[in-house]
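This briefing walks through selected features of the structure shown below, grouped by topic for reading beside the model.

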Amino acid sequence: MDSINDFSFAIRHLGVYGENEKKMLETIGVKNLDTLIDETIPSNIRRTDKLAVPQAMSELELQEHFYQLAAKNKNFKSYIGQGYYASFTPPVIARNIFHNPGWYTQYTPYQAEISQGRLEALLNFQTMVSDLTALPIANASLLDEATAAAEAMALMYAVKNKRVKGDPINKLFVDKHVFQTTKDVLETRAEPLGIIIHFADWNEIELNGEEYFGAILQYPNAKGVIEDYRSFSSELESKKIMLTVCADILSLALLEAPGNWGADIAVGTTQRLGIPIGYGGPHAAYFATKDKYKRIIPGRIIGVSEDRLGEQALRMALQTREQHIKREKATSNICTAQALLAIMAGMYGVFHGNAGLTNIALQIHSKASLLFDALKVNGYEFDGESFFDTLRLKVSNSDNIRAKALDHKINLFYDGDYIQISIDECTTMNDLKNIAAVFNCEINSKDSATSRINELMLRTSEFMTHPVFSDYRTESQIMRYIKRLENKDLSLVHSMIPLGSCTMKLNAASELMPITLPEFANVHPMVPENQVEGYTEILKGLSDYLNSITGFDACSLQPNSGAQGEFAGLLTIRNYFKDNGQENRNIALIPSSAHGTNPASAVMAGMKVVVTACDEKGNIDIDDLKAKAFEHRENLACLMVTYPSTHGVFEVEIKEACEIIHNNGGLVYMDGANMNAQVGLTSPAHIGTDVCHLNLHKTFSIPHGGGGPGMGPICCTSTLAPYLPGHHTTNKNNSGPVSQANFGSASILLISYAYIRLLGHEGMLQSTKVAILNANYIKARLEKDFQILYTGEKGRAAHEMIIDMRGFKAVGVSAEDVAKRLIDYGFHAPTLSFPVAGTLMIEPTESEDMEEIDRFCDAMISIKKEIDEIALGKAEQENNVLCNAPHTLLMVSGNDWDYPYSREKAAYPLPYLKSRFKFWPSVARIDNAKGDRTLICTCPDVSFYAEDAEMSHKNA
C-alpha cells in the first residue's frame with residue numbers, strides 16, 4: 001500500500017496491510033498482491049485508468065466538507081404533506097437504535113437463533129400495523145408507500161386471475177385523489193404486466209367485476225379529505241373486486257381502521273412514526289391484509305415458533321413464498337426491505353403506546369382545526385371540511401402567497417388555484433401563527449378547536465392493547481428494553497459476518513454521521529430546487545463517481561433497493577427496444593446460478609425467462625448460451641449476468657458471452673451484487689455489459705440494518721440513458737418512476753458519497769485487492785479440510801468462495817448443522833445453501849483483519865474435526881455438538897446435562913472464546929416447520945416477554 005498514506009482513512013477501513021499482508025500472501029503461495037490479482041482477474045478485462053474521483057479526504061476534512069454542503073440547503077418548515085411529514089424521533093430511540101452499530105450492522109435475520117432481538121422488534125412493528133389497520137396479517141416492511149401500492153396491485157391481480165381461463169381480468173381502478181407519486185409508480189409497474197389503470201373519482205364510477213380486479217383509494221385522500229368509503233367498499237365486495245386502501249398510519253389512531261370497513265389490503269408509510277424525512281427516505285412502508293392472502297403477501301413476515309427445547313422463539317415465516325425460492329413464479333421481487341426503519345417505527349409505537357399515539361394524532365388534528373377556523377373566519381373557502389391534518393383552500397393569488405410563505409421560510413403545497421397545508425407532529429403553536437400570518441390571519445392559542453372529523457368515520461375499535469405497548473413509558477424502561485433486544489443479536493460489533501454475496505464490510509461512523517445533520521435529515525422531497533443545493537451537489541457528484549467506477553455514461557439514483565435496481569435496469573432495456581420498434585424483444589436469458597431476484601425482476605418487467613446452463617466448473621455454459629441466444633434471436637432482450645459469478649469466480653469467457661448476446665440483437669444487464677471485487681480493477685463497461693445496478697449497501701458501505709435500508713442505483717451506456725427511470729417531472733421520455741421519491745432513499749446516499757470521498761481512487765482500489773486477498777487466504781487455510789467448489793482458471797477465488805458440505809451427509813451432518821455450530825464459536829454463518837444447496841458461501845470483505853479471519857478459519861477447522869469424530873465413531877451420529885447446536889447459556893449452566901460431550905466442548909471449543917467476549921444465542925435451534933404450520937405473526941402471549949436477567953447481564 002505504498003500509495004496510501006499511513007495516517008489516511010484507508011488504514012482504518014482496511015483490515016490487512018504491512019506484515020500481515022505478507023504472511024497471508026505467503027500462505028496463499030504468491031510473491032505479492034499484484035500477482036494474486038493477475039492470477040484472479042482475466043487480463044482482457046483489466047482496466048488501467050485511474051478512477052475519476054477526488055483525492056481522498058481525512059475524516060476531519062470530510063466533516064468540514066459536509067458542514068459546508070449542509071449550509072447550502074435551506075432548512076425551511078415544510079407543510080407540503082403528500083406522504084411526507086416532519087416527525088420527532090425520540091432521542092432514546094435515535095441514540096440507542098439509529099446511531100448504534102449493534103443495530104445498524106446486523107444482517108437480515110436468516111439465522112434466527114442470533115436474531116431474536118430484531119425479530120421481536122419487527123414483530124412489534126407488525127402488531128402495531130395489524131392493530132391500526134384492523135387486518136390480521138402484516139409484513140415486516142416494504143420500501144415506500146408507492147411501491148407498496150404497486151405490490152398490492154400485483155397481489156390483487158394474481159388473486160383475481162388465479163383460476164381465470166382465457167384472457168386475464170386486467171383493469172384496475174385508482175381514485176384520482178390518490179397521491180400523484182403513487183399513481184406514477186403504479187403506471188410504471190402496470191404497463192409491463194398488461195394492466196390497464198382507470199383513474200377517476202370514486203363517487204362517479206360504476207365498476208364491473210368481469211372487467212376490474214381491484215381498486216385503490218387514499219385515506220385521507222391527497223386533498224386531505226376524509227371520505228366515507230363504506231358503501232363503495234360494500235359494492236366492491238359484492239362484485240368480488242378487491243380493495244386496497246393507502247392509509248395514513250397515524251390518522252388511524254383517530255379514524256376507523258380500513259379493515260373494519262371492507263379493505264382487503266392496507267398500505268402506507270410509517271415515516272411519520274419518528275423517522276426523518278431525509279429528502280425522500282429511507283422510510284418503512286407497511287402492508288397488511290386478510291389472513292387468506294398470507295401465502296402471497298410480499299416481503300418478509302416474522303412469525304412465532306419454538307426452539308428444540310420447546311421454548312417460544314421467533315423466525316422469518318413462510319420463506320418459501322419469497323423470490324429466493326419461487327424465482328420467476330414469485331409475485332414480487334422484494335429482497336431488501338426497510339428493517340432498521342421498521343424497528344424504529346415499531347419502537348416509536350412501543351414508547352408512545354395507544355395513548356401516546358392518540359394524543360399525538362389529536363394534537364395534530366387540533367392544530368389543523370385551529371388553523372382552519374382562523375382561515376375560515378377570514379373568508380377562505382375550503383375543498384372539503386372533514387380532515388385529519390391537511391387543509392385545502394382556494395386562493396386567487398397563489399403566487400403572492402407563495403412569495404410571502406418563502407419570506408417566512410415556509411413551504412406549502414401548490415395545486416393551481418388551491419393551496420394545501422399539512423400539519424405535523426413538529427408543528428408548534430408559534431409555527432401555526434407563522435402560517436396564519438402568511439394568509440394575513442391570526443391565531444389565538446387560547447381558542448379551543450372543534451373536531452373536523454366526520455363522526456361516522458371516528459375510530460371505535462381498540463388497538464395496540466398488548467402489554468408491550470404500555471410497559472415502557474419511562475426512558476429507563478425503554479432504554480433497557482432496547483438494550484435487552486440488542487444483546488440477543490450478533491452484529492459486526494461482535495465478529496465478522498462472512499456472508500457470501502452480501503459484503504458485510506465496515507460501516508464507518510464518519511460515513512454515517514452526515515445523515516443526522518438536520519439540513520439533510522429534515523428536507524421534504526418536493527421542496528424547490530434552490531433549497532437543496534447541497535443535496536444536488538452530492539447527488540451529482542455521486543452519480544459522476546459511480547459512472548467512472550462502472551465505466552458508463554449515465555446514472556439513476558432512484559431505485560431504493562437492489563431488487564428495484566434490477567427492475568429499473570430491465571425496464572430501461574425494455575423501453576429502449578419499445579422506442580425502437582422492437583417491442584417483441586422480451587426474452588431474458590438467466591444463468592441457473594443467478595440470484596432469485598433476477599428471474600422475479602425479469603417477469604415484473606414483462607419478460608419471459610429462459611434459463612441457461614452452467615458447466616461443471618460453475619461458469620456460464622457458452623455453448624448452451626450460444627444455442628439459446630440464436631434460438632431466441634428474434635425476440636432476445638437481454639442476458640442477466642452477475643460478475644464475478646455467484647459462484648465466486650471471474651469467468652474468462654465473460655466478454656465472449658456479452659458478444660454472443662449483442663450479435664443476436666440483445667443487451668447485457670449486470671447484477672452488481674459482486675461489484676466489491678471489481679472497483680478499480682475492471683468494470684461492467686470493460687466486460688461489455690450495457691447496464692448494471694449497484695448495491696450501495698454492499699460495495700459502498702451503507703449498513704444492512706438487519707434487512708434494509710439499501711439502495712440500488714443503475715448506470716448505463718449513453719444509448720440507454722434516455723430510458724432511465726424517473727418521475728415525469730424530471731424527464732418526459734424516461735421509463736417512469738420505480739420509487740416514490742425522485743432520489744429514492746436520498747439521505748443514505750450521503751454514506752456512499754462519504755465512502756468514496758474518504759477512500760479516493762487508491763483506497764478503493766486497495767479495498768478491492770484486499771477483499772480478493774482475504775477470500776483467497778481463507779481458501780488456502782480451509783482447502784485441506786473442505787472442498788472448495790469452484791475456482792478460476794488458475795485456482796483462485798474472487799472475493800468469495802463456496803465450500804461444499806454435501807459430502808458430510810453420509811455421517812448425518814448438514815450445512816445447516818455447521819451454520820448453527822458456528823454460533824457456538826461466536827460467528828454468524830456464511831450464506832447457507834445458495835447458490836448451491838448443501839454448501840456455505842464465504843465472503844470476508846476487505847475490512848476484516850488477519851486475526852479475525854484466523855479465528856473464523858480456526859473455528860471451521862475445529863468443526864471439521866468434530867465431523868471427523870462422528871465419522872470415526874468417537875461421537876454419536878444423532879447426539880453431538882453439531883446436531884444440538886447452538887448451545888444456549890441456559891443449557892450449559894442448567895442443572896441437567898444429558899449430552900455425551902462436556903459443557904466446555906459445547907460452549908468453549910477453542911481457547912479464544914475464553915479470552916474474549918462470548919456471544920450466547922438466546923434460543924436453541926428453531927423448529928421452522930412448526931412456525932409455518934401454525935402462523936402467528938403478531939405479538940404472542942405476554943409470558944414470551946418475561947425478562948431473562950441472567951442472559952441480559954451476560955450479554956451486556
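This is a predicted model: local features need pLDDT of at least 70, side-chain atom pairs count only at pLDDT 80 or more; totals for chains, interfaces and linings use all residues.

Strand β24 (residues 801–804) is paired with strand β26 (residues 839–842) through four bridges in the antiparallel sense.

- The open sheet here is built from four strands in the order β23-β24-β26-β25, and its pairing is antiparallel.
- Because β23 (787–788) and β25 (831–832) each have a single partner strand, they stand at the edges, and one side of each is left without a neighbour in the sheet.

**The seven-stranded sheet**

- Seven strands, ordered β16-β22-β21-β20-β19-β17-β18, make up an open sheet in which the pairing is mixed.
- The edge positions are taken by β16 (554–556) and β18 (608–612), each of which has a single partner strand, so one side of each is left without a neighbour in the sheet.
- On average, and with direction ignored, neighbouring strands of this sheet are turned by 20° against each other.

- Helix α22 (residues 654–663) lies across β17, β19 and β20, and it runs at about 140° to β20.

**A mostly covered helix**

- Six of the eight residues of helix α5 (residues 91–98) are buried, so that the helix is mostly covered.
- Those buried residues are Val92, Ile93, Ala94, Asn96, Ile97 and Phe98, and what covers them includes α6 (101–104), α12 (339–377) and α15 (475–486).

**A buried loop glutamine**

- Gln271 is found in the loop between β7 (265–269) and β8 (285–289), and because its relative accessible area is 0%, which is under 20%, Gln271 is counted as buried.
- A polar atom of the Gln271 side chain lies 2.6 Å from the backbone oxygen of Tyr85.
- Leaving aside residues up to four places away in sequence, Gln271 touches Gly83, Tyr84, Tyr85, Ser87, Pro276, Ile277, His283 and Ala284.

Key:
Residues are numbered from 1 along each chain as its sequence is written. Side-chain values use heavy atoms; hydrogens and water are left out. Two strands pair if DSSP finds at least two bridges between them. Helices (H or I, at least four residues) and strands (E, at least two) are DSSP runs, numbered from the N terminus. Axes are lines fitted to C-alpha atoms, for helices over the stretch in contact, and angles run from 0 to 180 degrees between N-to-C directions. Contact means heavy atoms within 4.5 Å. Buried means under 20% relative accessible area, exposed over 50%, partly exposed in between (1.4 Å probe, protein chains only). A polar contact is a pair of N or O atoms within 3.5 Å; within protein, one must be able to donate a hydrogen and the other to accept it, and residues adjacent in sequence count only if both atoms are side-chain atoms.
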